[in-house]
Amino acid sequence: MSATSRFRALLTTAAMRTPQGRDGWAARASAILPGGVNSPVRAWNGVGGIPIPITSGSGAYLTDAAGRRLIDLVGSWGAGIAGHAHPQVVKAVRRAAGKGLSFGATTLGEVTLAEQIRERYAPAERVRLVSTGTEATMTALRLARAATGRDLVVKFSGCYHGHADPFLVAAGSGLATAGVADSAGVTASTAAETVVLPYGDQQALAEAFARHGERIAAVIAEAAPANMGVVCPPDGFNAAIAEHTRKAGAVFIADEVLTGFRAGPSGYWGVERDAALASGTQPWVPDLVTFGKVIGGGLPVAAVAGRADLMEQLAPLGPVYQAGTLSGNPVAVAAGLATLTVMDATAYARVGAAADRLREAVSQALTQAGIVHAVGRAGTLFSFFLGLEQAPVTFAQAAGQDTAAYASLFHHLRERGVALPPSAFEAWFVSLAHDNAIIDRIVDAVSRWRPPVRA
Ligand SMILES: Cc1ncc(COP(=O)(O)O)c(C=O)c1O
(Lines give C-alpha, C1' and ligand atoms only; values in the text may rest on other atoms or scores of the structure.)
Protein backbone atom coordinates (compact mmCIF):
# COMPACT_ATOMS: atom_id res chain seq x y z
CA MET A 1 0.00 0.00 0.00
CA SER A 2 1.44 3.40 -0.97
CA ALA A 3 1.81 6.22 1.57
CA THR A 4 -1.02 7.99 -0.23
CA SER A 5 -3.45 5.06 0.06
CA ARG A 6 -2.44 4.50 3.72
CA PHE A 7 -3.12 8.18 4.39
CA ARG A 8 -6.55 7.99 2.73
CA ALA A 9 -7.46 4.78 4.60
CA LEU A 10 -6.42 6.36 7.90
CA LEU A 11 -8.60 9.40 7.30
CA THR A 12 -11.58 7.29 6.40
CA THR A 13 -11.26 5.07 9.46
CA ALA A 14 -10.69 8.00 11.80
CA ALA A 15 -13.75 9.78 10.49
CA MET A 16 -15.88 6.64 10.81
CA ARG A 17 -15.10 6.44 14.52
CA THR A 18 -16.62 9.83 15.29
CA PRO A 19 -20.22 10.09 16.52
CA GLN A 20 -21.11 11.59 13.14
CA GLY A 21 -19.55 8.63 11.38
CA ARG A 22 -20.88 5.12 10.86
CA ASP A 23 -23.70 5.33 13.43
CA GLY A 24 -24.78 8.92 12.97
CA TRP A 25 -26.02 11.18 10.24
CA ALA A 26 -23.56 9.85 7.69
CA ALA A 27 -25.02 6.35 7.99
CA ARG A 28 -28.57 7.67 7.71
CA ALA A 29 -27.59 9.77 4.69
CA SER A 30 -25.93 6.84 2.92
CA ALA A 31 -28.90 4.60 3.63
CA ILE A 32 -31.26 6.87 1.70
CA LEU A 33 -29.25 9.21 -0.59
CA PRO A 34 -26.97 7.53 -3.15
CA GLY A 35 -23.48 8.09 -1.76
CA GLY A 36 -25.00 10.09 1.10
CA VAL A 37 -25.30 13.22 -1.05
CA ASN A 38 -27.50 14.99 -3.57
CA SER A 39 -24.56 16.13 -5.70
CA PRO A 40 -21.40 14.03 -6.06
CA VAL A 41 -18.73 16.59 -5.22
CA ARG A 42 -20.28 17.04 -1.74
CA ALA A 43 -19.02 13.56 -0.91
CA TRP A 44 -15.42 13.62 0.16
CA ASN A 45 -14.26 11.05 -2.38
CA GLY A 46 -11.49 13.35 -3.52
CA VAL A 47 -10.07 13.88 -0.04
CA GLY A 48 -11.17 10.87 2.01
CA GLY A 49 -13.36 10.79 5.10
CA ILE A 50 -17.05 11.38 5.66
CA PRO A 51 -18.67 14.80 5.47
CA ILE A 52 -20.54 16.02 8.52
CA PRO A 53 -23.84 17.69 7.60
CA ILE A 54 -24.10 21.45 7.89
CA THR A 55 -26.80 22.91 10.11
CA SER A 56 -26.44 26.66 9.50
CA GLY A 57 -24.38 29.42 7.96
CA SER A 58 -23.76 33.01 8.95
CA GLY A 59 -21.42 35.43 7.18
CA ALA A 60 -18.14 33.62 6.47
CA TYR A 61 -18.98 30.74 8.84
CA LEU A 62 -20.73 27.40 8.71
CA THR A 63 -21.83 25.36 11.71
CA ASP A 64 -21.84 21.58 11.35
CA ALA A 65 -23.97 18.93 13.04
CA ALA A 66 -21.20 18.34 15.57
CA GLY A 67 -21.58 21.99 16.64
CA ARG A 68 -18.23 23.07 15.11
CA ARG A 69 -17.87 26.51 13.57
CA LEU A 70 -15.94 26.51 10.30
CA ILE A 71 -14.66 29.32 8.11
CA ASP A 72 -16.28 28.51 4.77
CA LEU A 73 -14.28 28.64 1.54
CA VAL A 74 -16.91 26.82 -0.51
CA GLY A 75 -19.70 29.39 -0.38
CA SER A 76 -22.25 27.04 -1.94
CA TRP A 77 -19.78 26.53 -4.81
CA GLY A 78 -19.72 30.21 -5.64
CA ALA A 79 -23.32 31.29 -5.08
CA GLY A 80 -22.70 32.79 -1.64
CA ILE A 81 -20.77 35.88 -2.67
CA ALA A 82 -22.49 38.09 -0.06
CA GLY A 83 -21.82 35.60 2.76
CA HIS A 84 -24.31 33.27 4.43
CA ALA A 85 -27.67 34.65 5.58
CA HIS A 86 -26.83 38.22 4.58
CA PRO A 87 -29.48 40.31 6.42
CA GLN A 88 -30.62 42.14 3.25
CA VAL A 89 -30.98 38.90 1.33
CA VAL A 90 -32.82 37.14 4.16
CA LYS A 91 -35.17 40.11 4.53
CA ALA A 92 -35.97 40.10 0.80
CA VAL A 93 -36.61 36.34 0.83
CA ARG A 94 -38.91 36.62 3.87
CA ARG A 95 -40.84 39.44 2.28
CA ALA A 96 -41.23 37.55 -1.01
CA ALA A 97 -42.21 34.31 0.73
CA GLY A 98 -44.90 36.15 2.66
CA LYS A 99 -46.47 37.20 -0.63
CA GLY A 100 -46.71 33.68 -2.04
CA LEU A 101 -44.18 31.06 -3.07
CA SER A 102 -44.97 30.49 -6.73
CA PHE A 103 -47.58 31.64 -9.22
CA GLY A 104 -46.63 30.18 -12.59
CA ALA A 105 -47.03 33.66 -14.05
CA THR A 106 -44.61 36.52 -14.74
CA THR A 107 -43.73 38.70 -11.76
CA LEU A 108 -42.14 42.13 -11.60
CA GLY A 109 -39.13 40.64 -9.78
CA GLU A 110 -38.26 38.50 -12.81
CA VAL A 111 -38.31 41.50 -15.11
CA THR A 112 -36.17 43.52 -12.70
CA LEU A 113 -33.62 40.73 -12.24
CA ALA A 114 -33.33 40.29 -16.02
CA GLU A 115 -32.86 44.07 -16.43
CA GLN A 116 -30.19 44.06 -13.72
CA ILE A 117 -28.34 41.28 -15.52
CA ARG A 118 -28.40 43.22 -18.79
CA GLU A 119 -27.32 46.43 -17.08
CA ARG A 120 -24.21 44.72 -15.75
CA TYR A 121 -23.53 42.43 -18.72
CA ALA A 122 -24.26 44.17 -22.01
CA PRO A 123 -24.19 41.09 -24.33
CA ALA A 124 -27.22 39.79 -22.37
CA GLU A 125 -29.67 41.59 -24.68
CA ARG A 126 -32.47 39.19 -23.77
CA VAL A 127 -32.66 36.94 -20.72
CA ARG A 128 -34.58 33.71 -20.00
CA LEU A 129 -34.54 32.69 -16.35
CA VAL A 130 -34.30 28.99 -15.52
CA SER A 131 -33.53 27.18 -12.26
CA THR A 132 -30.11 25.55 -12.78
CA GLY A 133 -26.94 26.12 -14.74
CA THR A 134 -27.50 22.75 -16.40
CA GLU A 135 -30.81 23.96 -17.85
CA ALA A 136 -29.13 27.16 -19.02
CA THR A 137 -26.32 25.45 -20.98
CA MET A 138 -28.68 22.80 -22.32
CA THR A 139 -31.03 25.52 -23.62
CA ALA A 140 -28.14 27.53 -25.07
CA LEU A 141 -27.01 24.53 -27.09
CA ARG A 142 -30.54 23.81 -28.31
CA LEU A 143 -30.84 27.43 -29.44
CA ALA A 144 -27.48 27.25 -31.22
CA ARG A 145 -28.45 24.05 -33.00
CA ALA A 146 -31.80 25.48 -34.02
CA ALA A 147 -30.29 28.75 -35.26
CA THR A 148 -27.54 27.08 -37.28
CA GLY A 149 -29.26 23.86 -38.34
CA ARG A 150 -26.04 22.06 -37.35
CA ASP A 151 -25.30 19.28 -34.87
CA LEU A 152 -21.77 19.49 -33.41
CA VAL A 153 -20.76 21.25 -30.21
CA VAL A 154 -17.12 21.95 -29.42
CA LYS A 155 -16.14 21.92 -25.76
CA PHE A 156 -12.85 21.98 -23.92
CA SER A 157 -11.46 19.26 -21.73
CA GLY A 158 -11.75 20.18 -18.04
CA CYS A 159 -14.59 22.67 -18.60
CA TYR A 160 -17.81 21.72 -16.82
CA HIS A 161 -21.14 22.85 -18.19
CA GLY A 162 -23.59 20.98 -16.00
CA HIS A 163 -24.84 17.45 -16.38
CA ALA A 164 -26.75 17.49 -19.67
CA ASP A 165 -25.61 14.59 -21.86
CA PRO A 166 -23.72 16.52 -24.59
CA PHE A 167 -21.45 18.13 -21.99
CA LEU A 168 -20.61 15.07 -19.89
CA VAL A 169 -17.45 14.39 -21.82
CA ALA A 170 -14.10 15.36 -20.27
CA ALA A 171 -16.00 17.61 -17.89
CA GLY A 172 -13.66 18.64 -15.10
CA SER A 173 -13.99 18.74 -11.33
CA GLY A 174 -16.89 16.50 -10.34
CA LEU A 175 -15.93 13.80 -12.80
CA ALA A 176 -12.21 14.24 -12.15
CA THR A 177 -12.78 13.92 -8.41
CA ALA A 178 -14.87 10.83 -8.93
CA GLY A 179 -12.13 9.49 -11.23
CA VAL A 180 -14.31 9.13 -14.32
CA ALA A 181 -13.67 10.77 -17.68
CA ASP A 182 -17.20 10.54 -19.02
CA SER A 183 -20.56 9.56 -17.61
CA ALA A 184 -22.18 6.17 -18.19
CA GLY A 185 -25.58 6.53 -19.77
CA VAL A 186 -24.50 9.05 -22.39
CA THR A 187 -25.17 7.35 -25.72
CA ALA A 188 -22.37 6.95 -28.24
CA SER A 189 -24.35 8.98 -30.77
CA THR A 190 -24.67 11.90 -28.32
CA ALA A 191 -20.99 11.74 -27.40
CA ALA A 192 -20.12 11.68 -31.12
CA GLU A 193 -21.73 15.09 -31.51
CA THR A 194 -19.35 16.62 -28.96
CA VAL A 195 -15.87 17.55 -30.14
CA VAL A 196 -13.47 17.87 -27.21
CA LEU A 197 -10.36 20.02 -27.54
CA PRO A 198 -7.55 20.89 -25.10
CA TYR A 199 -8.33 24.19 -23.38
CA GLY A 200 -6.38 27.21 -24.60
CA ASP A 201 -5.16 25.51 -27.77
CA GLN A 202 -5.81 27.92 -30.64
CA GLN A 203 -4.31 25.58 -33.20
CA ALA A 204 -6.61 22.72 -32.18
CA LEU A 205 -9.53 25.14 -32.43
CA ALA A 206 -8.51 26.25 -35.93
CA GLU A 207 -8.10 22.60 -37.00
CA ALA A 208 -11.53 21.69 -35.61
CA PHE A 209 -13.10 24.47 -37.69
CA ALA A 210 -11.06 23.45 -40.74
CA ARG A 211 -12.29 19.86 -40.39
CA HIS A 212 -15.85 20.24 -39.17
CA GLY A 213 -16.64 23.93 -39.75
CA GLU A 214 -19.88 23.32 -41.60
CA ARG A 215 -21.21 21.05 -38.86
CA ILE A 216 -20.27 23.15 -35.81
CA ALA A 217 -23.35 24.68 -34.19
CA ALA A 218 -21.57 26.07 -31.13
CA VAL A 219 -18.36 26.37 -29.20
CA ILE A 220 -18.98 26.41 -25.46
CA ALA A 221 -16.30 27.49 -23.00
CA GLU A 222 -16.24 28.57 -19.41
CA ALA A 223 -15.40 32.28 -19.73
CA ALA A 224 -12.54 31.35 -17.41
CA PRO A 225 -12.30 27.67 -16.47
CA ALA A 226 -12.90 27.11 -12.76
CA ASN A 227 -13.81 23.44 -12.68
CA MET A 228 -10.28 22.05 -13.11
CA GLY A 229 -8.98 24.43 -10.50
CA VAL A 230 -8.98 28.03 -11.67
CA VAL A 231 -7.32 28.63 -15.03
CA CYS A 232 -6.53 32.03 -16.47
CA PRO A 233 -7.53 31.94 -20.14
CA PRO A 234 -4.46 32.49 -22.33
CA ASP A 235 -4.34 35.94 -23.94
CA GLY A 236 -6.68 36.12 -26.90
CA PHE A 237 -8.23 32.67 -26.44
CA ASN A 238 -11.81 33.83 -25.87
CA ALA A 239 -11.36 36.35 -28.69
CA ALA A 240 -10.18 33.52 -30.97
CA ILE A 241 -13.31 31.50 -30.17
CA ALA A 242 -15.44 34.56 -30.95
CA GLU A 243 -13.63 35.06 -34.26
CA HIS A 244 -13.82 31.42 -35.40
CA THR A 245 -17.49 31.10 -34.53
CA ARG A 246 -18.32 34.39 -36.24
CA LYS A 247 -16.51 33.41 -39.44
CA ALA A 248 -18.05 29.94 -39.52
CA GLY A 249 -21.58 31.10 -38.69
CA ALA A 250 -21.50 29.16 -35.41
CA VAL A 251 -22.53 30.35 -31.95
CA PHE A 252 -20.12 31.19 -29.11
CA ILE A 253 -21.66 30.19 -25.78
CA ALA A 254 -19.72 31.73 -22.89
CA ASP A 255 -20.53 29.76 -19.76
CA GLU A 256 -20.49 32.20 -16.86
CA VAL A 257 -22.51 30.04 -14.47
CA LEU A 258 -19.58 30.08 -12.06
CA THR A 259 -17.71 33.22 -13.09
CA GLY A 260 -20.76 35.46 -13.74
CA PHE A 261 -20.98 38.32 -11.22
CA ARG A 262 -18.30 36.46 -9.23
CA ALA A 263 -14.98 36.80 -11.10
CA GLY A 264 -15.86 40.49 -11.34
CA PRO A 265 -18.95 42.74 -11.45
CA SER A 266 -19.53 41.80 -15.11
CA GLY A 267 -18.24 38.26 -14.85
CA TYR A 268 -15.05 37.16 -16.53
CA TRP A 269 -16.23 38.76 -19.77
CA GLY A 270 -16.06 42.10 -17.92
CA VAL A 271 -12.52 41.39 -16.73
CA GLU A 272 -11.35 40.85 -20.33
CA ARG A 273 -13.52 43.69 -21.67
CA ASP A 274 -11.87 46.15 -19.26
CA ALA A 275 -8.40 44.89 -20.21
CA ALA A 276 -9.22 45.17 -23.93
CA LEU A 277 -10.60 48.70 -23.59
CA ALA A 278 -7.54 49.74 -21.53
CA SER A 279 -5.24 48.50 -24.30
CA GLY A 280 -7.32 50.08 -27.06
CA THR A 281 -8.53 46.77 -28.58
CA GLN A 282 -12.06 45.57 -29.24
CA PRO A 283 -13.47 43.26 -26.55
CA TRP A 284 -14.83 39.88 -27.65
CA VAL A 285 -18.57 39.40 -27.37
CA PRO A 286 -20.33 36.07 -26.79
CA ASP A 287 -23.46 35.23 -28.79
CA LEU A 288 -25.06 33.45 -25.86
CA VAL A 289 -24.09 33.42 -22.20
CA THR A 290 -25.19 31.29 -19.28
CA PHE A 291 -25.45 32.38 -15.65
CA GLY A 292 -26.31 30.66 -12.38
CA LYS A 293 -25.07 30.63 -8.79
CA VAL A 294 -24.67 34.35 -7.83
CA ILE A 295 -27.82 35.47 -9.70
CA GLY A 296 -29.81 33.29 -7.31
CA GLY A 297 -27.83 34.30 -4.23
CA GLY A 298 -28.15 30.74 -2.88
CA LEU A 299 -31.59 29.88 -4.27
CA PRO A 300 -32.16 28.15 -7.62
CA VAL A 301 -31.97 30.79 -10.35
CA ALA A 302 -29.95 30.54 -13.54
CA ALA A 303 -30.28 32.14 -16.96
CA VAL A 304 -29.53 31.83 -20.61
CA ALA A 305 -29.06 35.21 -22.24
CA GLY A 306 -27.54 36.84 -25.29
CA ARG A 307 -28.18 38.23 -28.75
CA ALA A 308 -31.79 39.28 -29.18
CA ASP A 309 -32.17 37.56 -32.58
CA LEU A 310 -31.05 34.22 -31.11
CA MET A 311 -32.96 34.55 -27.85
CA GLU A 312 -36.15 35.45 -29.69
CA GLN A 313 -36.14 32.00 -31.25
CA LEU A 314 -37.27 30.72 -27.86
CA ALA A 315 -40.92 29.77 -27.43
CA PRO A 316 -43.40 31.46 -27.36
CA LEU A 317 -41.78 33.84 -29.92
CA GLY A 318 -39.90 31.20 -31.85
CA PRO A 319 -39.71 27.46 -32.54
CA VAL A 320 -37.20 26.47 -29.80
CA TYR A 321 -39.08 24.96 -26.90
CA GLN A 322 -37.96 25.58 -23.34
CA ALA A 323 -40.07 25.77 -20.19
CA GLY A 324 -40.03 25.43 -16.40
CA THR A 325 -42.77 25.26 -13.75
CA LEU A 326 -40.56 27.07 -11.24
CA SER A 327 -38.52 29.22 -13.67
CA GLY A 328 -38.15 32.75 -12.28
CA ASN A 329 -39.61 31.64 -8.95
CA PRO A 330 -40.47 34.81 -6.99
CA VAL A 331 -38.68 33.84 -3.77
CA ALA A 332 -35.54 32.72 -5.60
CA VAL A 333 -35.59 35.84 -7.76
CA ALA A 334 -35.87 38.00 -4.62
CA ALA A 335 -32.71 36.35 -3.24
CA GLY A 336 -30.90 36.98 -6.52
CA LEU A 337 -32.00 40.59 -6.79
CA ALA A 338 -31.06 41.32 -3.17
CA THR A 339 -27.65 39.69 -3.71
CA LEU A 340 -26.95 41.79 -6.81
CA THR A 341 -28.10 44.88 -4.91
CA VAL A 342 -25.71 44.11 -2.04
CA MET A 343 -22.95 43.51 -4.59
CA ASP A 344 -22.33 47.10 -5.66
CA ALA A 345 -18.95 48.41 -6.83
CA THR A 346 -17.69 48.81 -3.24
CA ALA A 347 -18.69 45.26 -2.37
CA TYR A 348 -16.90 43.86 -5.44
CA ALA A 349 -13.80 45.86 -4.49
CA ARG A 350 -13.94 44.33 -1.01
CA VAL A 351 -14.32 40.77 -2.29
CA GLY A 352 -11.46 41.45 -4.72
CA ALA A 353 -9.21 42.76 -1.96
CA ALA A 354 -10.05 39.79 0.30
CA ALA A 355 -9.32 37.36 -2.54
CA ASP A 356 -5.99 39.09 -3.31
CA ARG A 357 -4.96 39.09 0.35
CA LEU A 358 -5.83 35.43 0.93
CA ARG A 359 -4.29 34.23 -2.34
CA GLU A 360 -1.03 36.08 -1.80
CA ALA A 361 -0.69 35.22 1.89
CA VAL A 362 -1.42 31.51 1.39
CA SER A 363 1.03 31.37 -1.50
CA GLN A 364 3.64 33.08 0.64
CA ALA A 365 3.06 30.65 3.53
CA LEU A 366 3.42 27.68 1.17
CA THR A 367 6.60 29.13 -0.33
CA GLN A 368 8.08 29.76 3.12
CA ALA A 369 7.40 26.13 4.00
CA GLY A 370 9.16 25.04 0.79
CA ILE A 371 5.96 23.64 -0.73
CA VAL A 372 5.95 23.66 -4.52
CA HIS A 373 2.73 25.13 -5.82
CA ALA A 374 1.23 27.22 -8.58
CA VAL A 375 -1.60 29.72 -8.30
CA GLY A 376 -4.43 29.82 -10.83
CA ARG A 377 -6.27 33.11 -10.98
CA ALA A 378 -9.13 34.60 -12.99
CA GLY A 379 -10.45 37.91 -11.65
CA THR A 380 -11.37 37.35 -7.99
CA LEU A 381 -11.38 33.56 -8.42
CA PHE A 382 -8.31 31.51 -7.53
CA SER A 383 -7.06 28.08 -6.55
CA PHE A 384 -3.76 26.44 -5.69
CA PHE A 385 -2.15 23.60 -7.60
CA LEU A 386 0.07 21.76 -5.15
CA GLY A 387 3.13 20.13 -6.68
CA LEU A 388 2.96 22.15 -9.92
CA GLU A 389 5.53 24.82 -10.72
CA GLN A 390 3.47 26.54 -13.38
CA ALA A 391 -0.18 27.44 -13.41
CA PRO A 392 -1.86 24.97 -15.77
CA VAL A 393 -3.84 25.82 -18.88
CA THR A 394 -4.99 22.38 -20.01
CA PHE A 395 -6.79 19.74 -17.98
CA ALA A 396 -3.88 17.34 -18.55
CA GLN A 397 -1.61 19.85 -16.82
CA ALA A 398 -4.11 20.50 -13.99
CA ALA A 399 -4.49 16.77 -13.43
CA GLY A 400 -0.76 16.58 -12.63
CA GLN A 401 -1.27 18.35 -9.30
CA ASP A 402 -0.66 16.46 -6.06
CA THR A 403 -4.21 15.56 -5.00
CA ALA A 404 -2.99 13.56 -1.97
CA ALA A 405 -1.20 16.64 -0.66
CA TYR A 406 -4.41 18.61 -1.18
CA ALA A 407 -6.34 15.96 0.78
CA SER A 408 -3.85 16.38 3.62
CA LEU A 409 -4.21 20.17 3.52
CA PHE A 410 -8.01 19.82 3.45
CA HIS A 411 -8.07 17.73 6.65
CA HIS A 412 -5.39 19.82 8.37
CA LEU A 413 -7.50 22.94 7.81
CA ARG A 414 -10.75 21.24 8.70
CA GLU A 415 -9.31 20.26 12.07
CA ARG A 416 -8.42 23.91 12.56
CA GLY A 417 -11.87 25.18 11.67
CA VAL A 418 -11.47 26.00 7.98
CA ALA A 419 -13.66 24.34 5.33
CA LEU A 420 -11.88 24.05 1.98
CA PRO A 421 -13.66 22.59 -1.07
CA PRO A 422 -13.42 18.79 -0.85
CA SER A 423 -11.64 18.60 -4.20
CA ALA A 424 -8.33 19.90 -5.52
CA PHE A 425 -10.11 20.88 -8.73
CA GLU A 426 -12.24 23.65 -7.23
CA ALA A 427 -11.81 27.36 -6.53
CA TRP A 428 -11.40 28.70 -3.00
CA PHE A 429 -14.44 30.96 -2.72
CA VAL A 430 -14.28 34.10 -0.60
CA SER A 431 -17.26 36.29 0.22
CA LEU A 432 -17.99 39.79 1.36
CA ALA A 433 -17.90 38.46 4.93
CA HIS A 434 -14.27 37.24 4.75
CA ASP A 435 -12.56 40.05 6.66
CA ASN A 436 -8.86 40.43 7.49
CA ALA A 437 -9.11 38.63 10.84
CA ILE A 438 -10.71 35.61 9.14
CA ILE A 439 -8.12 35.62 6.39
CA ASP A 440 -5.31 35.77 8.98
CA ARG A 441 -6.78 32.69 10.70
CA ILE A 442 -6.80 30.75 7.43
CA VAL A 443 -3.24 31.79 6.61
CA ASP A 444 -2.03 30.89 10.10
CA ALA A 445 -3.56 27.42 9.75
CA VAL A 446 -2.01 26.93 6.29
CA SER A 447 1.41 27.99 7.57
CA ARG A 448 1.34 25.11 10.10
CA TRP A 449 0.71 22.48 7.45
CA ARG A 450 3.36 20.12 6.04
CA PRO A 451 2.56 17.80 3.14
CA PRO A 452 2.70 14.02 3.57
CA VAL A 453 5.84 12.34 2.25
CA ARG A 454 5.07 10.81 -1.15
CA ALA A 455 5.70 7.08 -1.61
C1 LIG B 1 -19.34 26.60 -15.39
C2 LIG B 1 -20.54 25.84 -14.94
N3 LIG B 1 -21.53 25.63 -15.83
C4 LIG B 1 -22.65 24.96 -15.48
C5 LIG B 1 -22.80 24.46 -14.20
C6 LIG B 1 -24.04 23.72 -13.83
O7 LIG B 1 -24.82 24.45 -12.94
P8 LIG B 1 -25.86 23.73 -11.98
O9 LIG B 1 -25.06 22.96 -10.99
O10 LIG B 1 -26.65 24.84 -11.39
O11 LIG B 1 -26.69 22.85 -12.85
C12 LIG B 1 -21.79 24.67 -13.26
C13 LIG B 1 -21.92 24.14 -11.89
O14 LIG B 1 -21.00 24.12 -11.12
C15 LIG B 1 -20.63 25.37 -13.63
O16 LIG B 1 -19.62 25.58 -12.78
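Leaving out neighbours up to four places away in sequence, Ala308 is in contact (heavy atoms within 4.5 Å) with Glu125 and Arg126. The structure is a predicted model, in which local features need pLDDT of at least 70 and side-chain atom pairs count only at pLDDT 80 or more, while totals for chains, interfaces and linings use all residues. Residues are numbered from 1 along each chain as its sequence is written, and side-chain values use heavy atoms, with hydrogens and water left out.

Ala308 belongs to helix α11, residues 308–311; helices (H or I, at least four residues) and strands (E, at least two) are DSSP runs numbered from the N terminus. With a relative accessible area of 15%, Ala308 is buried. Here buried means under 20% relative accessible area, exposed over 50% and partly exposed in between, with a 1.4 Å probe and protein chains only. The C-alpha atom of Ala308 is 22 Å from that of Val333, which is 25 residues away along the chain.

Helix α8 spans residues 202–212, and its buried residues are Ala204, Leu205, Ala208 and Phe209. These four lie on the same side of α8, because they cover an arc of only 140 degrees around the axis, taken from the directions from the helix axis to the C-beta atoms. The buried residues of α8 pack against β5 (152–156), β6 (194–197), β7 (216–222) and α9 (237–248). On the face turned away from the buried side sit the exposed residues Gln203, Ala210 and Arg211.

Helix α9 contains Asn238, which counts as buried because its relative accessibility is 0%. The side chains of Asn238 and Glu272 are joined by a polar contact of 3.4 Å, that is, a pair of N or O atoms within 3.5 Å; within protein, one must be able to donate a hydrogen and the other to accept it, and residues adjacent in sequence count only if both atoms are side-chain atoms.

Turning to the ligand, the residues around it include Tyr160, Asn227 and Asp255. A polar side-chain atom of Asp255 is 2.7 Å from a ligand nitrogen, and an N or O atom in the side chain of Asn227 is 3.0 Å from a ligand oxygen. Tyr160 places a polar backbone atom 3.4 Å from a nitrogen of the ligand. Taken alone the ligand exposes 390 Å², and the protein buries 82% of that, with accessible areas from the Shrake-Rupley method and a 1.4 Å probe.

Terms used:
Near = heavy atom within 4 Å.
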